[in-house]
Amino acid sequence: MPSKFAVVSRLTGSGALSLLLGASLLALLESILLRPIQYQPLAEQMVLVLLGAMLVAAVPFLLLVLMPANSLVAKVFGPADSDLRQGRCFAFGFLLVSPPMWLALQQRLLHIPVSPYAVALVIPVLLLPFVLRSFWMRPTILRLLRYGGLVGWIVGLVALWSGPLANWREQSSISNPTLRDLSAAPGLVASEATPDIVLISIDTLRADAIVGETSANVPFMDQLRAGGAWTPWALSSSNRTGPGHAAMLTGLGALWHGVTNNNQTLPESHQAVAETFRAGGYRTMGLVNNALLRTGSGFDQGHSDFDDKAVLKSSRVQVFARASRGSTLLGWILPAHLMKRLVVRGLFARPHPFKAVPVAESSGGVATARAKVLLDLAYQEERPFFFFLHYIDPHHPYTAPLGFWGTREGEDEYDRYLEEVEFMDHCLKQVVERLQRSGRPFLLCLTSDHGEHFHEHGLTGHSNSLFNELLQVPLIFYGDGVPAGEILENSALKDVAPTLLGRCGLSFEGMRGRDLLAQPQWDPGSEYLQFARDVKYYGAFSGPYKWVSPKGWVRGSELAGEVYLWQDDPHELTPLDIEELPAAHQQRIMQGLQDAPEIEAQRFTGAEASRQMAILRQMGYLEDAELPPPPPLPDEDDGDEERP
């Protein structure tokens with residue numbers, strides 16, 4: 001067996017190492033200057049591009065190592081151990097990985113009306129004679145070879161440490177949350193008149209998932225309903241996360257907050273409920289594990305402390321893998337399934353968020369643990385707090401942690417979904433028990449942003465209709481001063497903020513909702529009117545009628561669409577013609593539409609827009625999303641799951 005010194009000598013003398021240095025140096029320069037995948041992390045792109053360079057250089061590298069004295073090799077690259085060979089091998093490695101550079105230049109700068117791939121492949125062939133010139137044995141070039149290649153490898157190692165390896169570090173170790181300005185300074189003190197306020201939003205939770213014949217087994221939520229005020233369902237303002245939370249946190253209805261999809265930020269002009277509490281002397285805390293509500297989305301408005309570290313760090317991996325297939329040299333060479341294995345399951349793998357894991361490692365488990373830490377910190381001072389806690393469960397994919405996954409007898413998606421709802425009941429109990437142990441008065445509100453379809457009307461998921469399965473969400477108020485067992489009729493998410501503020505004597509002037517605890521029953525002399533809206537649809541509940549327009553509504557136009565008698569037809573199986581909607585209800589709906597302001601929330605821009613698109617695609621909101629298959633039950637795990 002040759003000694004390690006002999007191996008090193010063969011690598012250097014044959015020019016093989018010089019070839020790798022040339023390939024890696026250009027690859028790293030390309031990733032820095034041209035950024036093949038726009039708006040994605042630079043360090044991760046560097047590592048991916050470097051791997052592509054190594055793969056392309058693998059064949060000539062082996063040829064040089066195995067046959068350094070071959071006559072053809074010597075004729076092309078020069079004698080072994082010569083400066084000429086070192087320079088030419090370096091230049092050849094440079095040229096091998098140049099196609100992505102020519103492709104990027106042609107697409108971004110030149111706009112030549114021919115196949116970009118033809119340009120990317122033809123130009124290196126035309127430049128091949130340039131490699132054979134003696135120019136490459138000049139001292140300056142050799143210094144570039146020795147030091148430039150070394151710098152390239154150092155940069156590559158730094159990128160590896162700060163890119164893919166950082167994914168594992170961040171995912172496996174999340175620092176405990178902290179609070180700013182924690183002090184015992186005199187000021188507002190928690191009391192019966194100014195209780196602690198906790199708003200818990202459970203993503204994608206249908207109202208009938210906790211109440212009714214097809215509900216989950218949620219004994220703790222049942223206790224909250226028995227001891228508090230609740231409604232069989234409250235009306236969400238939309239069918240997706242952003243608009244639903246916009247109504248919940250601002251007290252504005254679907255036509256007034258201006259958020260219609262998840263590509264928009266919450267307008268700063270709106271007075272968020274946390275801002276009002278903060279101005280009233282409350283500590284304001286937020287904790288979310290849905291990337292759509294992250295810091296910078298607008299939903300952190302008014303929070304003195306906002307923790308989004310519980311968001312799983314995997315939202316961009318699938319889109320990154322897909323983009324790399326068409327934008328990088330590695331993606332051109334490897335088949336799609338191998339590219340996915342390398343990127344998603346290999347180099348960029350995280351602890352699997354789409355697999356049954358222990359409770360402590362699950363998304364909801366991490367959020368619950370962090371929520372209890374924040375509560376412990378907040379209780380160190382007498383000042384009351386407002387705490388917004390959002391769980392992404394039971395959002396698709398429906399994967400409850402171990403101990404909850406596979407516990408229901410059914411095998412369809414709805415059973416997996418209910419298992420996650422039952423896990424949320426477990427998490428909720430831990431949070432409320434911590435509130436109760438404090439001995440301080442509190443008011444808890446439990447609700448959701450929207451529901452979910454399970455083949456009703458031939459639909460699955462959400463963001464695709466204004467049927468009741470998506471609009472009807474739970475609403476429970478529990479705590480000191482809440483009348484037990486009271487049913488809050490005809491409520492909506494826009495009523496959440498006014499009710500919480502009203503309990504503390506704070507003004508909710510300018511909000512469109514009402515204080516449900518002060519006015520739990522709807523005035524029988526006034527007709528019920530609530531609106532819902534998203535990008536495509538408009539809908540309204542007017543008394544016993546529900547109007548839905550699948551083609552939207554243009555200001556000034558007449559009503560069009562379908563009508564349902566939602567009380568007699570709760571599953572909306574029998575649509576009526578628009579002519580069957582009484583004129584008085586048509587007039588009320590039209591008046592509500594016309595009175596609403598023409599407001600449109602601002603969209604994300606630049607890098608944040610790309611990041612938001614990656615998050616939406618990963619979560620299944622976009623049409624070309626590649627959702628992972630449902631994971632196997634724990635005893636069927638073959639160890640080769642998708643790892644987004």
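Biologist: What pLDDT does the protein average, and what share of the residues score at least 70?

Modeller: pLDDT is the predictor's confidence in each residue, from 0 to 100. Here the protein averages 82, and 83% of the residues score at least 70. Over residues 623-644 the pLDDT is below 50, yet this stretch has 53 contacts in the model beyond near neighbours in sequence; contact means heavy atoms within 4.5 Å. This is a predicted model, where local features need pLDDT of at least 70 and side-chain atom pairs count only at pLDDT 80 or more, while totals for chains, interfaces and linings use all residues. Residues are numbered from 1 along each chain as its sequence is written, and side-chain values use heavy atoms, with hydrogens and water left out.

Biologist: Thanks! How many cavities of 30 Å³ or more are there?

Modeller: Rolling a probe the size of a water molecule over the atoms shows where empty space is left. On a 1 Å grid over the protein atoms alone, a cavity is a set of points where a 1.4 Å probe fits but cannot get out, and lining residues have an atom within 4 Å of a point. Points are joined across faces, edges and corners, and a volume is the space filled by probe spheres set on them. The count here is three cavities of 30 Å³ or more.

Biologist: Which residues line the second largest cavity?

Modeller: They are L249, L266, A272, V273, A274, G298, F299, Q301 and H303, around about 40 Å³ of space. Six are nonpolar, three polar and none charged, where Ala, Val, Leu, Ile, Met, Phe, Trp, Tyr, Cys and Pro count as nonpolar, Asp, Glu, Lys and Arg as charged, and the others, Gly among them, as polar.

Biologist: Let's pick Q301. Is Q301 buried or exposed?

Modeller: Buried means under 20% relative accessible area, exposed over 50%, and partly exposed in between (1.4 Å probe, protein chains only). Q301 has 12% relative accessibility, so Q301 counts as buried. Leaving aside neighbours within four places in sequence, Q301 is in contact with residues including L266, H270 and A274. A polar atom of the Q301 side chain lies 3.4 Å from the backbone oxygen of H270.

Biologist: And where is R278 placed?

Modeller: Helices (H or I, at least four residues) and strands (E, at least two) are DSSP runs, numbered from the N terminus. R278 is in helix 12, residues 273-279. R278 counts as partly exposed because its relative accessibility is 45%. Not counting residues up to four places away in sequence, R278 touches T284, G302, H303 and S304.

Notes: On a 1 Å grid over the protein atoms alone, a cavity is a set of points where a 1.4 Å probe fits but cannot get out, and a pocket is an open set with protein on both sides within 12 Å along at least five of seven lines; lining residues have an atom within 4 Å of a point. A polar contact is a pair of N or O atoms within 3.5 Å; within protein, one must be able to donate a hydrogen and the other to accept it, and residues adjacent in sequence count only if both atoms are side-chain atoms.
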